[in-house]
Amino acid sequence: MLELTGGLSLCKKIQELEEKTAKDSHNSGKPPSSDGCQKPAPKNLRKKSGRPSGGQLGHPGHALRYLPACGSMATRSRRPSMPLAT
């Protein structure tokens, strides 16, 4: 049978070991290579609703309209190149 003081130190030792094994590179100073090959937990836990994406059916929507193609395109003038210092 364990003594009372021995039992407390044993419980304390077990608790320290459990805390030590629960640590990984995210919550301690350990390098990521010490984490092992386990996959991390998923960050997004939302479920898909099953409904299609987009707006209400039959709604006309609002979008920018295309301009008709014209023969000449507007161009911007380029900045003149700087002369070389000699």
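**Close-up views of a predicted model**

The residues that line the largest pocket comprise one nonpolar, three polar and three charged (nonpolar: Ala, Val, Leu, Ile, Met, Phe, Trp, Tyr, Cys and Pro; charged: Asp, Glu, Lys and Arg; polar: the others, Gly among them). The model is predicted: local features need pLDDT of at least 70 and side-chain atom pairs count only at pLDDT 80 or more, whereas totals for chains, interfaces and linings use all residues. Residues are numbered from 1 along each chain as its sequence is written, and side-chain values use heavy atoms, with hydrogens and water left out.

**View 1. Lining of the largest pocket.** Asp24, His26, Asp35, Gly36, Gln38, Lys39 and Pro40 line the largest pocket. On a 1 Å grid over the protein atoms alone, a pocket is an open set of points where a 1.4 Å probe fits, with protein on both sides within 12 Å along at least five of seven lines; lining residues have an atom within 4 Å of a point. The space in this pocket amounts to about 170 Å³, a volume being the space filled by probe spheres set on the points, which are joined across faces, edges and corners.

**View 2. Asp24 in the segment after α1.** Asp24 belongs to the segment after α1, where helices are DSSP runs (H or I, at least four residues) numbered from the N terminus. Asp24 is partly exposed because its relative accessibility is 28% (buried is under 20%, exposed over 50%, partly exposed in between; 1.4 Å probe, protein chains only). Not counting residues up to four places away in sequence, Asp24 is in contact (heavy atoms within 4.5 Å) with Lys30 and Asp35. Between the C-alpha atoms of Asp24 and Gly36, 12 residues apart along the chain, the separation is 9.4 Å.

**View 3. Ser25 and its partners.** Ser25 follows α1 (4-21) and, with a relative accessible area of 18%, is buried. Its side chain makes a polar contact of 2.6 Å with that of Asp35; such a contact is a pair of N or O atoms within 3.5 Å, in which, within protein, one must be able to donate a hydrogen and the other to accept it, and residues adjacent in sequence count only if both atoms are side-chain atoms. Neighbours within four places in sequence aside, Ser25 touches Lys30, Pro31, Pro32 and Asp35.

**View 4. Ser28 and the backbone of Lys30.** Ser28, also in the segment after α1, is partly exposed at 24% relative accessible area. A polar atom of the Ser28 side chain lies 3.3 Å from the backbone nitrogen of Lys30.

Technical notes:
Helices (H or I, at least four residues) and strands (E, at least two) are DSSP runs, numbered from the N terminus.
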